Amino acid sequence: MTDDDSAVPETDEWDADAYDDQHSYVHQYGGSVLELLDPEPGERILDVGCGTGHLTAEIAEHGATVHGIDASAEMIQGAREQYPALSVEQADARRFEVEEPFDAVFSNATLHWIPDEDHDDVLASLSDALVPGGRFVAEMGGTGNVEAIVEAATAELAEHGYEAHPLWYFPGIHEYTPRLAAHGFEPRCAVLFDRPTELDGAEGIHDWLGMFGDSLLGEVPDSELSAAVEGVADRLREEMYDPDRDVWVADYRRLRFVAVKE
Ligand code: BEZ
């Protein structure tokens, strides 16, 4: 994600192919939040952070009219290639305006990429994008998400004179539901839960850091990067790697909520 308007750090440039090949769990786990959305035929639904379009396409399969937005041009291009019939566009959720409001807004694994200080803009524009009574169904990283990974990266970098700067926003229920309410949403349910997430293969954590770790490892010069990644992996191996199954199990925690526009 590199454009100036992007709601995520400029250092994160998404590789849509790697995202699909190695990180398919992002939309696979999104399946159950889609059940919570329960799209109905004929509904107009906005998918915020549609990525390469997998969940957007599933929403469309329910007979809903869906429009996907994503801050990343690479992701939108990937969605267009895989699902040419889908309606998607590159757009910034903080400033998104619609001509005809939607019946529901859906978002999976996106909102945590938007810095804390920008969430009021996002919630204001998503509230404006909904009809009265429309629902906002979302899942994002919640308090404590990837804490062990952040701690390991912080310690590894400190040992070599660098600092990790995680930019994600992982709120808890008590923090986020008042923000929803302040923008005219009635929170109907909110749950914070551990969702250990499997990263396949002996290099699973290395791939994860390669895909998502720019804000953690950004200070490390290219010449030291693979040693730093190996150092982070070494710190996490005992806790997170299961050699019998050849998977890393990352310490994901999710905040999932349904809120209705009053
Ligand atoms: C998440 O989905 O929780 C996540 C993904 C990448 C980086 C940080 C968190």
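In what order do the seven strands of the open sheet lie, and what is the pairing? In this predicted model, the order reads β3-β2-β1-β4-β5-β10-β6, and the pairing is mixed. The edges are taken by β3 (87-90) and β6 (185-194), each of which has a single partner strand, so one side of each is left without a neighbour in the sheet. From one strand to the next, the twist averages 15°.

Let me turn to β1 and β4. Strand β1, residues 44-48, and strand β4, residues 102-108, run parallel and are joined by three bridges, with V105 in β4 as the bridge partner of L46. Helix α4 (residues 54-61) packs on the sheet and touches β1, β2 and β4, its direction making about 170° with that of β2, while helix α5 (residues 73-82), which also packs on the sheet, touches β2 and β3 and makes about 160° with the direction of β3.

Now to the aromatic pairs, of which the count comes to 10. The ring centres of F136 and F257 are 5.1 Å apart and their planes stand at 85°, which is over the 60 degrees required, so this pair is edge-to-face. The pair links distant parts of the chain, since F136 sits in strand β5 and F257 in strand β10, 121 residues apart, and both F136 and F257 are buried.

F257 also pairs with Y176, in a tilted arrangement with 5.6 Å from centre to centre and 40° between the planes. Because Y176 lies in helix α8 (residues 173-182) and F257 in strand β10, this pair ties together parts that are 81 residues apart in sequence; Y176, like F257, is buried.

Elsewhere, W113, W168, F170, W208 and F212 form one aromatic cluster, and R44 lies over the face of F102, 4.5 Å from the ring centre.

Conventions: Residues numbered from 1 in each chain as written. Predicted model: local features only at pLDDT ≥ 70, side-chain atom pairs only at ≥ 80, totals over all residues. Heavy atoms only, no water. Phe/Tyr/Trp six-rings, centres within 6.5 Å; stacked < 30°, edge-to-face > 60°. Helix = DSSP H or I, 4+ residues; strand = E, 2+ residues; numbered from the N terminus. Buried < 20%, exposed > 50% of the residue type's maximum accessible area, 1.4 Å probe, protein only. Lys NZ or Arg CZ within 6 Å of the ring centre and 35° of its normal. Pairing = 2+ DSSP bridges. Axes fitted to C-alpha atoms, helices over the stretch in contact; angles between N-to-C directions. Contact = heavy atoms within 4.5 Å.
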